[in-house]
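Please examine the structure shown here and follow the account below alongside it.

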Amino acid sequence: MFRQFILQLLSILLLLVLQFTAIPATHASGLTQNHDTSRVAVTIGLLGHYGFIIPHSREIRDVADANPWGTEVDIGFHFADAKSWQYLQAYPRLGVSLAYYNFDNPEVLGNGYALIAYVELFFSAHKAFSFSFRLGGGLAYLDNVYDPETNPENLFYSTAISFPLEANVMANYRLNRHFMLRAGGTYKHISNAGLRQPNKGINFPTATVGVHYAIQPATFPERQPSESNLQDHKRHYLLALLASYQDRSDDPSRQLPLLGLTAYVSQPVGRLSALTAGAEWVADFTIRKQLEQRGEETDFQRGALLAGHEFRIGRFRFSQQLGVYVYAPHAARDAVYQRYGLEYHTGNKAFFGINLKAHRHVADFLDARIGLRL
């Protein structure tokens with residue numbers, strides 16, 4: 001289910017690339033006509049990572065004493081036209097990267113190989129020095145999974161296929177029309193979204209340095225906001241159905257559905273920011289199975305209140321929320337949890353996305369959701 005969803009997300013990003021590259025040039029008022037401002041820059045990049053694993057659980061503290069490193073190559077399409085800038089108030093780059101991670105513990109953690117689709121926004125791209133913010137997600141192959149006999153210490157992941165998520169902030173210095181030097185920090189999370197246990201997940205921040213080369217360069221002029229093209233700053237009311245497929249044991253045959261409903265309001269407080277508040281209800285049928293096996297009649301459903309923040313980047317929404325249980329007869333790991341979501345909003349009020357729920361640094365589950373924006 002999740003593999004198909006991620007592949008669909010990659011397809012959507014590719015369609016966006018094709019859509020933008022087909023858009024004819026439009027220029028902000030007063031700008032000099034320049035062919036370079038309407039073309040899409042095509043870039044290739046090489047990045048290096050070095051960091052540490054966050055020991056977010058007592059059971060993995062000894063194994064987490066490691067310094068993972070990795071290399072990453074990517075190809076990106078960087079849009080320089082006025083419509084793209086007005087749509088996001090920044091110059092967007094869409095791309096795909098291939099990454100290799102060495103977790104510095106080959107006997108237990110092995111290595112990781114990831115395919116990641118990303119969206120990156122460049123602020124002040126018209127200057128030699130700029131900042132950028134990237135969000136990405138995709139698929140990862142991990143080559144030394146948990147085994148109760150041969151690899152019992154690897155509580156981080158128990159499936160070869162997992163789902164990486166990443167966010168980074170980079171400082172960029174453009175040497176000339178083709179070369180750009182980059183340095184910053186990246187936060188990476190890899191887990192199987194609770195499809196099989198154990199699934200502590202690997203959380204590792206890294207220092208990141210690299211270089212990008214523009215195969216096809218473009219000019220990024222300084223632009224001013226246009227009232228007709230500014231993003232929608234209205235308050236939104238949202239309702240969504242969510243679903244997942246989980247297990248809470250070492251037996252993959254016990255995978256059962258998780259269903260839920262969430263409703264919340266999003267109030268803009270800035271050009272790219274909005275505050276959110278709402279509630280959710282979740283029925284996790286793996287919990288019901290556990291309770292049945294113990295002979296308990298406790299209700300397995302849970303309800304919670306949510307509050308947080310989201311970035312509105314064109315039709316994309318990146319959200320961070322805190323949840324507090326108000327109904328949980330079967331107590332959860334903690335009374336408070338976090339949610340991190342990525343959504344794509346269509347032009348006809350529908351939206352869909354993925355959302356990760358975690359108790360502190362331990363991933364609980366990843367759900368897919370579809371909803372309406374009112």
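This is a predicted model: local features need pLDDT of at least 70, side-chain atom pairs count only at pLDDT 80 or more; totals for chains, interfaces and linings use all residues.

**Loops, charges and rings**

Ser124 lies in the loop between S4 and S5. In Ser124 the angle phi is near 60 degrees, a positive value in a residue other than glycine. Ser124 has a relative accessible area of 33%, and it is therefore partly exposed.

A second residue with this feature is Asp104, whose phi is likewise positive and near 60 degrees, although Asp104 is not glycine. Asp104 is found in the loop that runs between strand S3 (91-102) and strand S4 (111-123). Because its relative accessible area is 40%, Asp104 counts as partly exposed. On the surface, Asp104 gathers with Asp62, Asp65 and Glu153 in a patch of negative charge.

Another loop, between strand S7 (179-191) and strand S8 (202-216), contains Pro198. The peptide bond that joins Gln197 and Pro198 is cis, with omega at about 0 degrees.

The discussion now turns to charged side chains that pair. Side chains of opposite charge can pair when their charged atoms come close. How many salt bridges are there in the model? The count comes to 11. One of them joins Glu72 to Arg134, where the closest N and O atoms are 3.5 Å apart. This pair links distant parts of the chain, since Glu72 belongs to strand S2 (residues 69-79) and Arg134 to strand S5, 62 residues apart. Is Glu72 buried or exposed? With 1% relative accessibility, Glu72 counts as buried, because the limit for that class is under 20%. Arg134 is also buried, and its relative accessible area is 1%.

A salt bridge is also formed by Arg182 and Glu120, with 2.4 Å between the closest N and O atoms. Here too distant parts of the chain are linked: Arg182 is in strand S7 and Glu120 in strand S4, 62 residues apart. Arg182 has a relative accessible area of 4% and is therefore buried. Glu120, at 0% relative accessibility, counts as buried. Together with Asp74, the residues Glu72, Arg134, Glu120 and Arg182 are linked in a network of salt bridges. Elsewhere, the side chains of Asp367 and Arg369 meet in a salt bridge of 3.0 Å, N to O, and both of these residues are buried.

Aromatic rings form a further set of contacts. A pair of aromatic rings is described by the distance of the centres and the angle of the planes. The structure holds 15 aromatic pairs. One of them consists of Tyr100 and Tyr113, a tilted pair with 5.4 Å from centre to centre and 45 degrees between the planes. Tyr100 in strand S3 and Tyr113 in strand S4 are 13 residues apart, and the pair links distant parts of the chain. Tyr100 is partly exposed at 23% relative accessibility, and Tyr113 is partly exposed with a relative accessible area of 38%. For Phe133 and Phe311, the ring centres are 5.8 Å apart and the planes stand at 50 degrees, so this pair is tilted. Phe133 lies in strand S5 (residues 129-142) and Phe311 in strand S12 (residues 301-313), so the pair ties together parts that are 178 residues apart in sequence. Phe311 is partly exposed, with a relative accessible area of 28%. Tyr100 and Tyr113 also belong to one aromatic cluster with Trp69 and Tyr141.

Finally, Tyr264 is found in strand S10 (residues 256-268). Tyr264 is buried, with a relative accessible area of 9%. Tyr264 and His236 are 28 residues apart in sequence, and their C-alpha atoms are 8.5 Å apart in space.

Definitions and conventions
Residues are numbered from 1 along each chain as its sequence is written. Side-chain values use heavy atoms; hydrogens and water are left out. Patches are made of residues with over 30% relative accessible area and no salt bridge: like charges are joined within 9 Å, nonpolar side chains (Val, Leu, Ile, Met, Phe, Trp, Tyr) within 5 Å. Accessible areas come from the Shrake-Rupley method with a 1.4 Å probe; for residues, only the protein chains shown count as cover. A salt bridge is a side-chain nitrogen of Lys or Arg within 4 Å of a carboxyl oxygen of Asp or Glu. Lys and Arg count as positive and Asp and Glu as negative; His and the chain ends are not counted. The place of a charge is taken as NZ of Lys, CZ of Arg, CG of Asp or CD of Glu. Helices (H or I, at least four residues) and strands (E, at least two) are DSSP runs, numbered from the N terminus. Rings of Phe, Tyr and Trp (its six-membered ring) pair if their centres lie within 6.5 Å; planes under 30 degrees apart count as stacked, over 60 as edge-to-face and the rest as tilted. Buried means under 20% relative accessible area, exposed over 50%, partly exposed in between (1.4 Å probe, protein chains only).
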